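The sequence and structure come first.

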Amino acid sequence: MFKKILIANRGEIALRVIRTCREMGIRTVAVYSTADKDSLHVKFADEAVCIGKPQSSDSYLNIPRIIAAAEITNADAIHPGYGFLAENANFAEICQQNGIKFIGPTPEQIRRMGDKMTAKETMIAAGVPVIPGSKALLESLEQTIEMANDMGYPIILKATAGGGGKGMRVVWAEEEVEKAYNTAKAEALASFKNDGIYMEKFVEEPRHIEIQVAGDQYGTVCHMSERDCSIQRRHQKLVEESPSPFITPELRQKMGDAAKKAASAINYEGVGTIEFLVDKHRNFYFMEMNTRIQVEHCVTEEVINFDLIKEQIKIAAGIAISGKDYEPVGHAIECRINAEDPFNDFRPSPGKITILHQPGGHGVRVDSHAYSGYTITPYYDSMIGKLITIARTREEAIDTMYRALSEYVVEGVKTTIPFHLQLMKNEKFINGDFNTKFLETFDLEEPSK
Ligand code: MV4
């Protein structure tokens, strides 16, 4: 087992990894930017190394400085968390070249899934259902128009280097193809230095349902059920839950089997997530694979009663997994508590948290790096914490969430708490009647003055 793990991240996920390392008797090294010198991950780690100025490119994205920090502290592994370098194949490769174990998949596996057209081709070959569309990157405007006319509208153009919504264009009629083709390509080039785009039939009002998987170094894979992440706003998830209110045991087994096929196809090692789009007829299609631990991993942990960070570390250390799949027991919901103003277009609201009281009690988990006096800086994401509730039924998990949200006190910055309070009382949400377009028409009631 590793003796010392460096965490190449910050915030709640750095703290989350430190907690599991403590339980496993593994020493920890925090790295931090000057903006984070008072952060809890710095205080809770056994050692801490300042790696630069606040800007991510000077600190959490600076590969030479992170490798240097690992070398001077003698760390034998690096946990990348999520975001930053978590899906950077070059970083994983540089760790490898320096004799430091990257806790995650191999550089080849990251690359294979990072290019969306390649990932899709891999899934077709493995027999995983994908959204009907072009079999390769689009070659010209003429070819694109012809293909779109054959396929029938609406269609969607996507950047192969994209993911998470960037470089996407929906096209409803032939007259719009040219503009969409040109702007999608230009946006892809500007964002990713890669203008490759492909076409799919546009699935209207889908759900975003993802399956958590794990694979070890010996080819064994398992699935750990689904998370429903349909409650999003501009590709930012706000609420996630497991199990999905839309999924039947039969569909769970089918999607779980497809997810395992996907992971097996690349001999995936580590924990990962297969994202599916699910249409209103419960047809499901592979969308992307995330080759990292995700923000919302906690809801899965709570319904399968299992530490996914511990599993990542064990897999990286070469320990075999059992191969049995995990069924959800009870229901878990996560609300992301961000320093954003829900009454002002969710605009970031950085600043000092003057008073913080986090909820507790039966069925409540809070993963947060914040404390009274902590400052949310404008340099990184605006998450203050994740509030997770666990109960025997979805109804009870919603009731517990409403109660816990009501106890949450954050003063000094605006937060998403008022939004979540209203969502927990929304009839459609309560009935499980929602899809990825839900928040576009959600009527947030202004607070009474
Ligand atoms: C789609 C789609 C409909 N049809 N593909 C958004 C992010 C990227 N991962 C893929 N996305 C979508 N791809 C087809 N063929 C709708 C979306 C989409 C979406 C997907 C999941 C969650 C929220 C979303 C919000 C808008 C669009």
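Which residues in α3 meet which residues in α4?

## Basis

The model is predicted; local features need pLDDT of at least 70, side-chain atom pairs count only at pLDDT 80 or more, and totals for chains, interfaces and linings use all residues. Numbering starts from 1 along each chain as its sequence is written, and side-chain values use heavy atoms, without hydrogens and water.

## Helices α3 and α4

In α3, Ile 63, Ile 66 and Ile 67 meet Phe 91, Ile 94 and Cys 95 of α4 (contact: heavy atoms within 4.5 Å). By class, this contact has 6 nonpolar, no polar and no charged residues (nonpolar: Ala, Val, Leu, Ile, Met, Phe, Trp, Tyr, Cys and Pro; charged: Asp, Glu, Lys and Arg; polar: the others, Gly among them).

The axes of α3 (residues 63-73) and α4 (residues 89-97) come within 11 Å and cross at roughly 30°. The two helices are therefore roughly parallel (angles under 35 degrees; 65 to 115 is roughly perpendicular).

## Helices α5 and α6

For α5 (residues 107-114) and α6 (residues 116-126), the axes are 5 Å apart and the angle is about 95°, so these helices are roughly perpendicular to each other.

Arg 112, Met 113 and Gly 114 of α5 meet Lys 116, Thr 118, Ala 119, Thr 122 and Met 123 of α6. Their classes are 3 nonpolar, 3 polar and 2 charged.

How values were computed:
Axes fitted to C-alpha atoms, helices over the stretch in contact; angles between N-to-C directions. Helix = DSSP H or I, 4+ residues; strand = E, 2+ residues; numbered from the N terminus. Parallel < 35°, antiparallel > 145°, perpendicular 65-115°, else oblique.
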